[in-house]
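This report covers helix packing, charge pairing and a surface patch. The sequence and structure come next.

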Amino acid sequence: MDKKKIQGTLRSYLRWPLMLSPLLIAMNFHVYTWNIKAGTLMTCYILLYIAISFLLYFLKRKAIWRDMVQYAICFNHTVNRLASELDLPIAITDWTGTCLWCNWEFTRAFCTEETRRKFTITSVIPSLTTEVFPKTTGEHAEIHFHIDGCYYKSVIQKVNMVDTAQVSEESASSFTPSDHFYVFYMHDETEIVRYIKENNDQRLDVGLLYIDNYDESLEPVDEVRRSLLSALIDRKINKYMLKIDAITKKLEKDKYIFLFQHKYLTTLKNDKFSLLDEVRNVNVGEDVNITISMGIGTQAETLIKRQEYSRSAIDLALARGGDQVVIKNKDNLLYFGGKSIQQEKNTRVKARVKAHALRESIEAAEQIIIMGHQLPDVDAVGSAIGIYRIATALGKKAHIVVNKVTSSLKPILTMLEQHVDEEDDLFINGETARGRMTASTLLVVVDVNHPSYTDEPGLVNMASSLVVLDHHRQAGESFLNPTLSYVEPFASSTCEMVAEILQYVGDEIRLKAYEADAMYSGIMVDTNNFMNKPGVRTFEAVAFLRRSGADVTRVRKLFRTDLVEYKVKAEAIQNTEIFMNCYAIALCNANQCESPTIIGAKIANELLDIDGIKATFVLTEYEGKIYISARSIDELNVQVVMEKLGGGGHITCAGAQLEDCTLSEGSEIIRRTLTKMKEEGDL
């Protein structure tokens with residue numbers, strides 16, 4: 001205590017009596033000049049003052065120091081008690097996250113009996129790892145987390161002990177980077193989060209409900225029963241909407257709009273939109289089912305934006321074949337339903353309208369570039385040939401983009417090139433097509449509705465005028481603002497759609513025999529020799545192609561395979577795994593073949609002939625990716641399965657691509673997906 005020195009303002013305050021002594025001595029000299037007797041008397045008093053000042057300064061130092069220490073102890077105790085009893089949870093840790101001190105509120109909120117003595121901050125709050133700690137002194141970091149239903153915001157501050165301790169320069173230089181600690185302030189945001197959630201739950205979502213096949217289903221029914229069925233469907237819809245407290249308005253005989261609070265959307269998801277099944281089970285007649293589609297817009301700032309989302313969602317649901325629900329927000333899309341087989345529409349009004357629109361687009365362009373999907377198949381090339389014939393008949397220069405020729409496609413291209421003059425430059429690669437793109441070039445995309453899946457995706461961004469023709473069900477990714485979009489999921493192939501267009505686009509357009517062969521081949525491949533989803537219009541398109549000169553014998557010769565491919569198929573079929581007693585999963589090792597993915601598709605079709613098999617999945621490795629070919633007859637919607645893996649397609653014919661995995665890992669992914677779908681009731 002004696003060796004302690006009083007520093008700072010208090011030290012100077014105690015020295016002021018001594019520091020005033022020179023002033024008194026100066027005053028004493030002036031007094032001497034006036035009166036010696038008075039100056040002598042004053043000298044005595046000044047000496048007494050100085051003596052008393054020295055005595056007080058040295059004798060009271062210990063008492064003052066004791067009082068200071070006592071005050072500091074009391075102040076520290078008070079501050080420590082206030083910090084310990086503060087309602088705000090506070091903790092201090094070292095640089096490793098080990099807790100050095102925490103107040104009572106922190107212990108009550110986050111600690112258990114096992115962790116009250118010595119613990120790391122991560123052990124009690126897993127979200128607070130050392131990676132989220134601030135890196136520089138004075139920096140703050142904010143982390144939001146929740147534990148047991150309580151939501152918190154943690155404000156973390158890094159403090160360096162060199163800045164908080166009174167140390168000399170020598171001792172300060174000995175500090176290391178670990179000589180710092182972190183202070184955690186925990187702010188309870190549970191009530192704020194609850195209010196935000198309540199506000200979000202009470203926001204209105206907008207939904208549109210369309211009856212997909214109202215006229216087609218009720219047309220053969222007599223008038224009295226038609227009214228009863230219409231009333232029954234209307235009652236089911238209104239009763240279902242009452243469960244979610246929705247405001248429902250019938251816009252037309254087959255169109256509804258409904259508004260409901262966002263909190264009920266989770267209920268609808270958990271219910272898997274059972275209204276789809278309820279309406280489908282309405283007994284209309286033999287082999288006739290009424291289906292509905294719904295589009296719901298959510299998580300937008302305004303009702304108008306949510307209504308736009310709902311309209312985009314219902315358009316997508318209808319483009320995918322109907323009988324499903326699409327939920328759209330600003331970030332993604334969710335699909336529900338879509339398990340039923342699409343019903344073919346007998347009317348050709350839409351085909352005639354699209355044919356006239358296509359003719360106008362071609363006539364307005366200077367040249368036409370036609371493109372299919374990556375690794376184009378016979379359907380893509382066959383439909384491209386149909387568009388090529390329309391363009392050339394209208395006097396326009398046309399080219400077809402083919403970047404890579406597979407072994408199954410080579411016979412078709414060889415046949416076509418034999419009948420086309422070399423100067424016509426029928427087939428070009430993507431790089432050549434890029435060089436020929438101009439502002440007046442029309443890009444026609446066939447057999448694909450994903451921009452990233454096209455044979456040369458860069459052409460899509462370069463095209464000022466775009467036409468899309470496809471028969472696959474649309475997924476989330478789509479072309480932005482195409483000049484013409486004709487997507488018909490019920491069609492068996494794009495060649496079928498183009499064959500219909502050819503009959504309406506103009507009387508002066510006539511297919512040549514070899515072109516009809518190519519289109520006929522495309523229909524045969526996509527329908528698996530007319531066993532996979534052929535409809536009335538499929539055979540009408542085939543009849544048109546036969547009248548145009550297609551020959552079945554020539555077409556059959558185009559599909560013959562070599563012995564190597566046949567052996568690869570036999571090996572894959574021999575090693576096929578039967579999963580869940582009804583799903584065939586095969587690994588196809590076709591690296592020695594020129595077109596591994598085509599072989600995989602053929603294997604998937606052949607495995608469907610096995611009794612008891614509901615769906616087949618064939619995995620093929622090609623160019624560093626795993627290609628999956630999924631096929632079914634009518635017992636499983638393989639398109640839904642493939643969408644969960646980032647792919648898509650048809651209910652009975654779909655596919656997907658996996659990256660950064662092996663064939664065995666891909667097989668395990670399929671097994672996990674099927675298992676999860678079965679647990680969730682989607683199979």
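## Charge pairing

A salt bridge here is a side-chain nitrogen of Lys or Arg within 4 Å of a carboxyl oxygen of Asp or Glu. The model is predicted, and 22 salt bridges are found in it. Side chains of opposite charge can pair when their charged atoms come close.

One of these salt bridges joins the side chains of D323 and R280, with 3.0 Å from N to O. R280 belongs to helix 13 (residues 275-280), while D323 sits in the loop between helix 14 (303-319) and strand 10 (324-328), so the pair ties together parts that are 43 residues apart in sequence.

## Helix 20 against helix 21

Helix 20 (residues 494-504) packs against helix 21 (residues 513-526) at an angle of about 140°, and the two axes are 8 Å apart. Angles over 145 degrees count as roughly antiparallel, and the angle of this pair therefore makes helix 20 oblique to helix 21.

On the helix 20 side, the contact uses C495, E496, V498, A499 and L502; on the helix 21 side, M519, G522 and I523. By class, the residues of this contact are 6 nonpolar, 1 polar and 1 charged. Gly is counted as polar.

## Helix 15 against helix 20

Helix 20 also packs with helix 15 (residues 349-364): their axes come within 8 Å and cross at roughly 75°. Helix 15 is therefore roughly perpendicular to helix 20.

Helix 15 contributes A351, R352, A355, H356 and L358 to the contact, and helix 20 contributes E500, I501 and Y504. The residues of this contact divide into 5 nonpolar, 1 polar and 2 charged.

## A nonpolar surface patch

Which residues make the nonpolar surface patch of about 510 Å²? The patch is formed by W16, M19, L20, L23 and M27. Helix 1 (8-19) and helix 2 (21-34) are the elements that give two or more residues to the patch. L23, one of the patch residues, is located in helix 2.

How values were computed. Residues numbered from 1 in each chain as written. Predicted model: local features only at pLDDT ≥ 70, side-chain atom pairs only at ≥ 80, totals over all residues. Heavy atoms only, no water. Patch = residues over 30% accessible without salt bridge, like charges linked within 9 Å, V, L, I, M, F, W, Y side chains within 5 Å. Areas by Shrake-Rupley, 256 points an atom, 1.4 Å probe, with all protein chains shown as cover. Helix = DSSP H or I, 4+ residues; strand = E, 2+ residues; numbered from the N terminus. Axes fitted to C-alpha atoms, helices over the stretch in contact; angles between N-to-C directions. Parallel < 35°, antiparallel > 145°, perpendicular 65-115°, else oblique. Contact = heavy atoms within 4.5 Å.
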